[in-house]
Amino acid sequence: MSLFGEYPCINQTIAPSYISFTSATISVGMCLFTIPGNLLIVLAIFIDPNKDLKSPFNYFVANLAISDLVVGFVVDPMSVAFHVSEGVAKEYPTDLVYLHIPYFISCTASVLSLAALTVDRFLAITSPLSYRTKLNPKRAGFVAAGIWAFSLSCPFVYLVTGYLTYAFVFAHTVIIATFLIMLLTYLKIFRVFKDQVKQWDSLDQSNEDNHAKRQAVRWEQKVTKTFMIMLALFLACYLPSCICIYITNLCSSCSCTFIHWARDVHFLLILANSGVNPFVYAWRFENFRKAVAKLLSCRKCCSHSRRKTIEFDTFTESTTSDSK
């Protein structure tokens, strides 16, 4: 089976070495950029050192970070190996035919996690009183498991269709459908937000209950604005990537060099999206910043304690030896 399907420019013409080595270099940078941020987010949520990150929304954030970790630990290194091999050997490395399977698995999980975050924001804003009963951590866990079950099963269609055909189908189903869901949902959210702000502004601020309600609304607004930044970054990466998919599939008049650039840009843009979300959270939310800082400080304390223990053991052994 061909790696890319029936596309002469991709199958019969190898990409120029400078394209392959450029893509490999970018993949190395993204690997170093993606892993630390997403790993810290996952550890911060599941260890939860300050006991303030256990919520359905943050579980979906963790699910998104886990899918991005798959990119950092698996897809990025394989991208480096693929492009270096392509640039050096001047042929497609057939032993890396399954590079795109973890790529599509992680992309599908990432996109569906964003869709789950959208539903979470919709319920939190439109039904704040029943939000915790409708979407508790246990149900969020079931949704996350369903996302991964779907993500692990669908991309294996790639083995039948080939890379470019499946990428074309992926762009028209998972990406565009998710984008439309997000867009329609957020139009509804913004209308509800506008009504809620008017309602809370009319309340007596001296009343403690009303003050607490206003604070809760402000918090939900901040969470939603943060997710809007994530959504904007998602669109900034995925929409140009979809355009590149159209170019590689439909542009019969484009040169093979341009097709190869479009192939790699499509691939790298989606990988790049996996590295930016953790920094949005570290930048926007104080509880995330405090949790990450505490994790890092604990690590430093553990290293310091381990070093002191080693020094003490060495001193004890030396004293015992001298006494003998």
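Helix 4 is mostly covered, with 23 of its 27 residues buried, where buried denotes a relative accessible area under 20%, exposed over 50% and partly exposed the range in between (1.4 Å probe, protein chains only). Helices are DSSP runs (H or I, at least four residues), as strands are (E, at least two), and are numbered from the N terminus. The structure is a predicted model, in which local features need pLDDT of at least 70 and side-chain atom pairs count only at pLDDT 80 or more, whereas totals for chains, interfaces and linings use all residues. Residues are numbered from 1 along each chain as its sequence is written, and side-chain values use heavy atoms, with hydrogens and water left out.

The end C-alpha atoms of helix 4 (residues 100–126) are 39 Å apart, in agreement with the 39 Å that its 27 residues should span at 1.5 Å a residue; the expected span is 1.5 Å times one less than the number of residues.

Two salt bridges are present in the structure, each defined by a side-chain nitrogen of Lys or Arg within 4 Å of a carboxyl oxygen of Asp or Glu. In one of them, E86 is joined to R263, with the closest N and O atoms 3.0 Å apart. This pair links distant parts of the chain, as E86 lies in helix 3 (residues 56–89) and R263 in helix 10 (residues 256–273), 177 residues apart. A further salt bridge connects the side chains of D264 and R263 at 2.7 Å, N to O.

Aromatic rings of Phe, Tyr and Trp (its six-membered ring) are paired if their centres lie within 6.5 Å, and planes under 30 degrees apart count as stacked, over 60 as edge-to-face and the rest as tilted. Y166 and F170 form a stacked pair, at 6.5 Å centre to centre and 25 degrees between the planes. Because Y166 and F170 are four residues apart in helix 8 (residues 163–201), about one helical turn separates them. Both Y166 and F170 are buried. These two residues also belong to one aromatic cluster with Y103, F104 and F267.
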